[in-house]
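Please look through the sequence and the model below before reading on. The paragraphs that follow go through the model part by part.

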Amino acid sequence: MHEVRVDILSKEYPPHVYGGAGVHVAELVRALRARGDIDARVRCFGGPRDEVGTTGYADLPQLSSANAAIATLGVDLAMVDDCVGADLVHSHTWYANMAGHLASLLAGVPHVVSAHSLEPMRPWKAEQLGGGYAVSSWAERTAYEGAAAVVAVSAGMRLDVLNSYPGIDPARVHVVHNGVDSQLWQRDSSARALEVLRGHGVDPARPSVVFVGRITRQKGLPYLLRAAARLQPEVQLVLCAGAPDTPQMLTEVESLIAELQQHRTGVVWITEMLPRAEVIALLSAATVFACPSVYEPLGIVNLEAMACELAVVATATGGIPEVVVDGETGWLVPIEQVADGSGAPADPERFVTDLALALNQAVSDPERARRFGEAGRRRAVESFSWSSIGDQTVDVYESALR
């Protein structure tokens, strides 16, 4: 196959990465460029970049006071003309989907969409965005239904795509998992790592449960905070949790944390986005990683924890069971979910009880947790490498170009 030019369109790209989709795009681009047969050009939000082959687009000043969804479409329009000349365009998340869709129409080339999350699966966004949610939902639906191929990051996500958009031919929806760079993410118990722990007020001698994620409805943090009240008193709770979706979410989390801090020691809340080395230090010293998500297409955070040899307690929902193997790399917590698309547990008290039970099992048997962590590292290295994900993505490109 001659060198193929693929324009990759994304809101997030280093140094502006705040979620799993941004990590995915950065690592996928690296894997594609390393192959030698793909000319991967990145078009991203957030203004100019100095990386070769990468163009960053600033928000349009004319739309500075517009609804955020309209401002997003403005950046998309700015990208479209530059995509002419590509053999294929590949967009990530609704933020960039419309750029891909219009570039595909304008240049007459296939559009591949990666499904990292779906607007119909996040109905709570209507409370944040108002009419902007109707705009983002329209943009996503239009792009998905017009795409030559859709890449779902898990088999669970593939089902969500087909349920949300029944007009799409199932043969066009492919599963390519997210990955983890197991060289970047690995256990660090050095003296420097211990300094990081102490700097954040974490006692390396005490067992700890760690959470890393944004304060959003889908990440399920309030359930973890309720479950944490039932942990043994010696167990620390370390929360790397910032970027709240709404003031209401922040208020709920603040009051739950304050209540915990009244009754137990070792509740550490870090709100700023930490450098990777510090996250690795916290993961490496922990007993177990907690992922109480009610919606998670795959969950790169679980892979990162596993790569650091950490056992995982996670909700059995979305793509999580494709990553965390119950009884081998961690504990899967059962959940029966309301069928309104919110992912909320049908019986929140039962979910909290089951979550607390799994966390207590993990911290009460550190030897078993360590074995699960070692198995998790092996699984991350063997099944989730970015070079294999790059190869699988190119297979999807070839099917779209045929």
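At what angle do helix 2 and helix 5 pack, and how far apart are their axes? The model is a predicted one, and in it helix 2 (residues 68–80) packs against helix 5 at an angle of about 35°. The axes of helix 2 and helix 5 are 8 Å apart. On the side of helix 2, the contact is made by Ala-69, Ile-70 and Leu-73. Helix 5 contributes Gly-132, Val-135 and Ala-139. Sorted by kind, the residues of this contact are 5 nonpolar and 1 polar, with no charged ones.

Next comes the sheet. In general, the strands of a sheet pair through backbone hydrogen bonds, and the pairing is either parallel or antiparallel. Here the sheet is open, has 7 strands in the order 3-2-1-4-5-6-7, and is paired in the parallel way. Strand 3 (54–57) and strand 7 (173–175) are the edge strands, each pairing on one side only. From one strand to the next, the twist averages 20°.

Two of the pairings can be followed in detail. Strand 1 and strand 2 are parallel and are joined by 7 bridges; within this pairing, Ile-8 stands opposite Val-42 of strand 2.

Helix 3 (residues 93–107) lies across strand 1, strand 2, strand 4 and strand 5 (111–115). Relative to strand 4, helix 3 runs at about 160°.

The aromatic rings are another topic. The structure contains 4 aromatic pairs. One of them is formed by Tyr-144 and Tyr-165, whose ring centres are 5.3 Å apart. Why is this pair called tilted? The planes of the two rings are at 45°, so the pair of Tyr-144 and Tyr-165 is tilted. Tyr-144 belongs to helix 5 (residues 131–146), while Tyr-165 is in the loop between helix 6 (155–164) and strand 7, so the pair ties together parts that are 21 residues apart in sequence. Tyr-144 and Tyr-165 are both buried.

A second pair, Tyr-223 with Phe-351, is edge-to-face, with 75° between the planes and 5.4 Å from centre to centre. Tyr-223 is in helix 8 (residues 221–228) and Phe-351 in helix 12 (residues 348–364), so the residues of this pair, which links distant parts of the chain, are 128 residues apart. Both residues, Tyr-223 and Phe-351, are buried. A ring can also lie under a charge: the charged end of Lys-11 sits over the ring of Tyr-95, 4.7 Å from its centre.

Helix 8 also holds Ala-227. Is Ala-227 buried or exposed? Ala-227 has a relative accessible area of 0%, so Ala-227 is buried. Apart from its neighbours within four places in sequence, Ala-227 is in contact with Val-352, Leu-355 and Ala-356. Val-150 is 77 residues from Ala-227 along the chain, and the C-alpha atoms of these two residues are separated by 37 Å.

How values were computed
Residues are numbered from 1 along each chain as its sequence is written. This is a predicted model: local features need pLDDT of at least 70, side-chain atom pairs count only at pLDDT 80 or more; totals for chains, interfaces and linings use all residues. Side-chain values use heavy atoms; hydrogens and water are left out. Two strands pair if DSSP finds at least two bridges between them. Helices (H or I, at least four residues) and strands (E, at least two) are DSSP runs, numbered from the N terminus. Axes are lines fitted to C-alpha atoms, for helices over the stretch in contact, and angles run from 0 to 180 degrees between N-to-C directions. Contact means heavy atoms within 4.5 Å. Rings of Phe, Tyr and Trp (its six-membered ring) pair if their centres lie within 6.5 Å; planes under 30 degrees apart count as stacked, over 60 as edge-to-face and the rest as tilted. Buried means under 20% relative accessible area, exposed over 50%, partly exposed in between (1.4 Å probe, protein chains only). A charge sits over a ring if NZ of Lys or CZ of Arg is within 6 Å of the ring centre and within 35 degrees of the ring normal. Ala, Val, Leu, Ile, Met, Phe, Trp, Tyr, Cys and Pro count as nonpolar, Asp, Glu, Lys and Arg as charged, and the others, Gly among them, as polar.
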